[in-house]
Amino acid sequence: MERIRLGVIGCGGMSRVHLATAGGKSPHTSEALRPFAERVEVYALADVDLARAEAHRQAYGGEYVTDDPERLFSDPNVDAVLITTWHDTHAAYSLRALESGKHVLIEKPMAMTERECDDIVAAVDRTKLKYMVAFRCRFGRGALDVKREIPHPKNVIAHARVAGIWPETSWAQDPVKGGGQILSQGCHIVDLMFFLAGSEPESVYATGGVFHHSRPDVIDTINASIRFKNGSVGAFLGGDGGTANLMLGHPLPCGCPFWVMAVDQGRSGLTIDHGHDARFESRVPEAEWKPPYDQKIYSQELGQERASGLPEILPTFARCILRDEEPPATAVDGARTTRFILKCFESARTGRVIRFE
Ligand SMILES: NC(=O)c1ccc[n+]([C@@H]2O[C@H](COP(=O)([O-])OP(=O)(O)OC[C@H]3O[C@@H](n4cnc5c(N)ncnc54)[C@H](O)[C@@H]3O)[C@@H](O)[C@H]2O)c1
């Protein structure tokens, strides 16, 4: 395949972030990935709001726009699709794309129910097509340093309590279209927690509830304790209406209250803000382990965009297709994250420890 002709479904804010790298146009994509980005061509764009699709075509190119994603699925010229719609369509569009022989790059969360997760994992197994979830934290510079330095943590502590209260009018807060802030946004940090833990979950016990919202079906606060299958443990604190203003600038030098800490017998690594930055601390002799640095604020050194790794996501997807490589975040990773959050909700509702099969 010389070029990857991309169909875009959902022409809103996040698709802009990815499409800015198509054709190798982003100065923030690394040199190593630029050759793959150059081979991505925006070919067709779909949105229920045609004006949005047309605005994207003006900005990023494309042969046509449509308000019917089926046109992309049945178009033999479309090699791969980028799905950046609201969450209730993610599973159905994933399955249609895979059935139609298209590779898929999908924004998080991959799916909203366990059944959808199972169906997507099975469809990827069956079709052998590339399926990548755009879990951005796996591309963060700080997160990659913590993963490299502390590969087998005994304890992984994840914090994702955000500032403010998400408006009830936001589609992401709608129980059907979005699933609420924890599924919509906390999923980034849940994925990062699993990425750093390097293990499947065995069980979770969570407390939580609806403290800041009017809908009883969208849990907005979760405090979870996790046991991983490799014997290590973890914690996840998620939700909105949170503690961010206490965290702003102190003690962390960033405006984002997302962080994950990995601890392994006197070696600690903390990655901050979607995995952009990192800190290390050691209590073991230097002969055993010397942290690479005390603190790196990549988002100041390199700028927010490079530190975030966001300009690497679409180019990485292209490389996986062109070189037949396994994506860095697969359908199995997407399913684990959705399943984990749903089991946190179940535990908080029932008061029981929930085990993973
Ligand atoms: N990785 C990140 O940091 C990050 C940040 C924001 C959003 N996101 C994710 O990106 C995705 C899109 O979010 P957004 O902020 O761009 O939302 P958005 O509302 O700006 O864009 C979504 C677009 O999808 C269109 N759409 C909705 N339903 C559709 C359907 N059935 N068929 C075709 N088009 C449809 C809407 O008209 C809209 O143009 C979501 O999965 C969201 O969670 C990720």
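Three salt bridges are counted between domain 1 and domain 2. This is a predicted model. Its protein is divided into two parts: domain 1 covers 4-136 + 311-327, and domain 2 covers 137-302 + 338-355. This briefing looks at how the two parts meet.

**Layout and contact**
- The centres of domain 1 and domain 2, taken over C-alpha atoms, are 26 Å apart.
- Domain 1 puts 18 residues into the contact, and domain 2 puts in 22 residues.

**Buried area**
- Domain 1 and domain 2 bury about 1,800 Å² between them.
- Carbon and sulfur atoms give 61% of that area.
- On the domain 1 side, E114, F135 and R136 stand out: they supply 38% of the area that domain 1 buries against domain 2.
- No other three residues of domain 1 supply as much.

**Charged and polar links**
- D118 and R339 form a salt bridge through their side chains, with 3.0 Å from N to O.
- Polar contact joins 13 residue pairs across the interface of domain 1 and domain 2, with both residues at pLDDT 80 or more.

**The domain 1 side**
- Two elements each give two or more residues to the side of domain 1 that touches domain 2: helix 6 (114-127) and helix 12 (313-323).
- Helix 6 gives the largest share of this side, three residues.
- By class, the side of domain 1 that touches domain 2 has nine nonpolar, six charged and three polar residues.

Note on methods:
Residues numbered from 1 in each chain as written. Predicted model: local features only at pLDDT ≥ 70, side-chain atom pairs only at ≥ 80, totals over all residues. Heavy atoms only, no water. Domains from an automatic or database assignment. Contact = heavy atoms within 4.5 Å. Buried area = accessible area lost by both parts, 1.4 Å probe. Salt bridge = Lys/Arg side-chain N within 4 Å of Asp/Glu carboxyl O. Polar contact = N/O pair within 3.5 Å; in protein donor to acceptor, adjacent residues only side chain to side chain. Helix = DSSP H or I, 4+ residues; strand = E, 2+ residues; numbered from the N terminus. Nonpolar A, V, L, I, M, F, W, Y, C, P; charged D, E, K, R; others polar.
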